[in-house]
Amino acid sequence: MRKMADPYVLAWISVVTTLLALCGAVLKRRKVNGISSSRTMSVTSVSAVDGECRSADGCDTDVIIVGAGVAGSALAHTLGKDGRRVHVIERDLSEPDRIVGELLQPGGYLKLIELGLEDCVEEIDAQQVFGYALFKDGKRTRLSYPLENFHSDVSGRSFHNGRFIQRMREKAASLPNVRLEQGVVTSLLEEKGTIRGVQYKTKDGRELTAFAPLTIVCDGCFSNLRRSLCNPQVDVPSCFVGLVLENCYLPYANHGHVILADPSPILFYPISSTEIRCLVDVPGQKVPSIANGEMANYLKTVVAPQVPPEIYDSFVAAVDKGNIRTMPNRSMPASPYPTPGALLMGDAFNMRHPLTGGGMTVALSDIVVLRDLLKPLRDLNDAPTLCKYLESFYTLRKVNHMNKAQLPFAISRID
C-alpha cells in the first residue's frame, strides 16, 4: 500500500472520532430589505388582492413547502400535526434512488421520536447501527456510540434512502390538512420585499400560482431557488463512487466501516438485511470514466487491495456487476438572507460532506427548532410578527447546533 500523508490520515481520523463525540453530545446577518438583483432569476413580482394573497383554487394555505425529501416531508408532517394547512410541491413523487442519505445517526433517530416519525424506519428493512469500525494499514478498531443510558431501540439507522422518504411522504399525506402535489416550482412570488408564495408547473403542464404567508424551500442540494434566499458558496471537494455488495457480512455487524485508504476513505454500511453500501471517496471533481472501463479498473487495482479481506470477493463481484454510480460531494455553509415570508431548510440551506452522516440529523433538528418557535404564533398572516420569528430561527438553530458540538475537533461546518 502506498503511504498516505500523515496530516491527511489524521484529518480523517478526526472526522470519524468527532462524529462519535458529536453523537454523544447530541444524545446527552446579514439583513436585506427587499430582493436584490442577483436574486431576480427565481423571484417573480405579484400583487396582493385586498391586502392578502390567496391560492388560485380558493383554498387557504398556511405554509407552502417546496420539496418532499427528508426535510420537506418531515416538516410537512410536523406542521400539519400542529394544525397548519400545508401545501407540499415536489418535483417527482416516485421513490428516489440515491446513494447518500442512507445513514441516520442516533441523534437523528431521537429527533424522529420527538417528531412522532420513528415508525418511518419500520417496514423498510432498516438496520440498526451501533458505531463505527476504523481500518488502516491492516489494523482495525471499533468505536461505539455512547448509548448505555438509552433504550435498546435507540441507535443509528441505515436504509434505502428512497424507502425512508416514501414512508415520510405517506405519513405526511395521511394528515387531512396536508396536500402533497407533484409539480416543479419555477419561482418565488414576491410583493414589496415579502415572499407571498410560488409559481409552479403541474405534472400535466399547467402553470399555477399558490399563495401562503410562509414558504419554506426544501428542494435539496440541487436547489434552483436558494439564490433567492441565501448567498450559496458550494464547494465540491470530492465525489462518491457507489456500489452495492450483496449477501455478504461486514467484519463488525451493525457498524459503519471506514477504511482510511490511499488516496481517501472508503465507507461500508448495511442498507438492508442483504445489501451493503460501499462509497469510495475520490478527491477532486473529475472521476475515472465508467463508460470506457477506467472506473472499474481503478476500483479493482487501487481500491480493492485496501478493502478488508472478508468482503474483498464481494467488492470485486459488485464492480464486475457494473452498477457503478457517482455523486459529487457538496459542502455549503449557511449564509441566509433573512427574507420576510420565506425560509430555507435542509440541503437547500446548508450542506456538509456526506462522510459525516450528519445531514439528516441537522435537518430534523432544525425542524424541531422551527416547530417550537412557531407554536405560539397561531396566525401566520401576522406578517411583522412572523418576520421576527423567522429571523430568530437562523440564530436559534445555530445556537442549538453549537450547544451540541462542544467538541475538541471540528467535524464539519454547520453554519
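Mentor: Rings of Phe, Tyr and Trp are said to pair if their centres lie within 6.5 Å, and a pair whose planes are over 60 degrees apart counts as edge-to-face. In this model, which is predicted, such ring pairs link Phe-349, Phe-393 and Tyr-394 into a cluster.

Trainee: How many aromatic pairs does a search of the whole structure find, and what makes the pair of Tyr-132 and Tyr-145 an aromatic pair of its kind?

Mentor: The search finds six aromatic pairs. Tyr-132 and Tyr-145 have ring centres 6.2 Å apart with 90° between the planes, and because the limits are within 6.5 Å for pairing and over 60 degrees for edge-to-face, this pair is edge-to-face. It links distant parts of the chain, with Tyr-132 in strand 6 (residues 131–136) and Tyr-145, 13 residues away, in the loop between strand 7 and strand 8. Both Tyr-132 and Tyr-145 are buried.

Trainee: Why are the rings of Phe-268 and Phe-315 called an edge-to-face pair?

Mentor: Their centres are 6.4 Å apart and their planes stand at 75°, so the pair is edge-to-face. Phe-268 belongs to strand 15 and Phe-315 to helix 6, 47 residues apart. Phe-268 has 0% relative accessibility and therefore counts as buried, and Phe-315, also at 0%, counts as buried too.

Trainee: What is the order of the strands in the open sheet of seven, and why is one side of strand 7 and of strand 17 left without a neighbour?

Mentor: The order is 7-6-14-15-16-13-17, with mixed pairing. Strand 7 (139–144) and strand 17 (325–331) stand at the edges, where each has a single partner strand, so one side of each lacks a neighbour in the sheet. From one strand to the next, the twist averages 25°. Helix 6 (residues 312–321) packs on this sheet and touches strand 13, strand 15 and strand 16, its direction making about 100° with that of strand 13.

Trainee: How do you know that strand 13 and strand 17 pair?

Mentor: Pairing asks for at least two bridges, and six bridges join these two strands, which run antiparallel. Ser-238, for instance, has Asn-329 in strand 17 as its bridge partner.

Trainee: Which residues have the most contacts inside the largest nonpolar core?

Mentor: They are Leu-75, Leu-112, Phe-164, Val-198 and Ile-216, in a core of 65 residues. Helix 7 (residues 359–374) gives the largest share, nine residues. Leaving aside neighbours within four places in sequence, the contacts of Phe-164 include Val-70, Leu-112 and Met-360. Apart from this core lies another, of 28 residues, among them Ala-133 and Phe-135.

Terms used. Residues are numbered from 1 along each chain as its sequence is written. This is a predicted model: local features need pLDDT of at least 70, side-chain atom pairs count only at pLDDT 80 or more; totals for chains, interfaces and linings use all residues. Side-chain values use heavy atoms; hydrogens and water are left out. Helices (H or I, at least four residues) and strands (E, at least two) are DSSP runs, numbered from the N terminus. Axes are lines fitted to C-alpha atoms, for helices over the stretch in contact, and angles run from 0 to 180 degrees between N-to-C directions. Contact means heavy atoms within 4.5 Å. A nonpolar core is a set of buried Ala, Val, Leu, Ile, Met, Phe, Trp, Tyr and Cys residues joined through side-chain atoms within 4.5 Å. Buried means under 20% relative accessible area, exposed over 50%, partly exposed in between (1.4 Å probe, protein chains only). Rings of Phe, Tyr and Trp (its six-membered ring) pair if their centres lie within 6.5 Å; planes under 30 degrees apart count as stacked, over 60 as edge-to-face and the rest as tilted.
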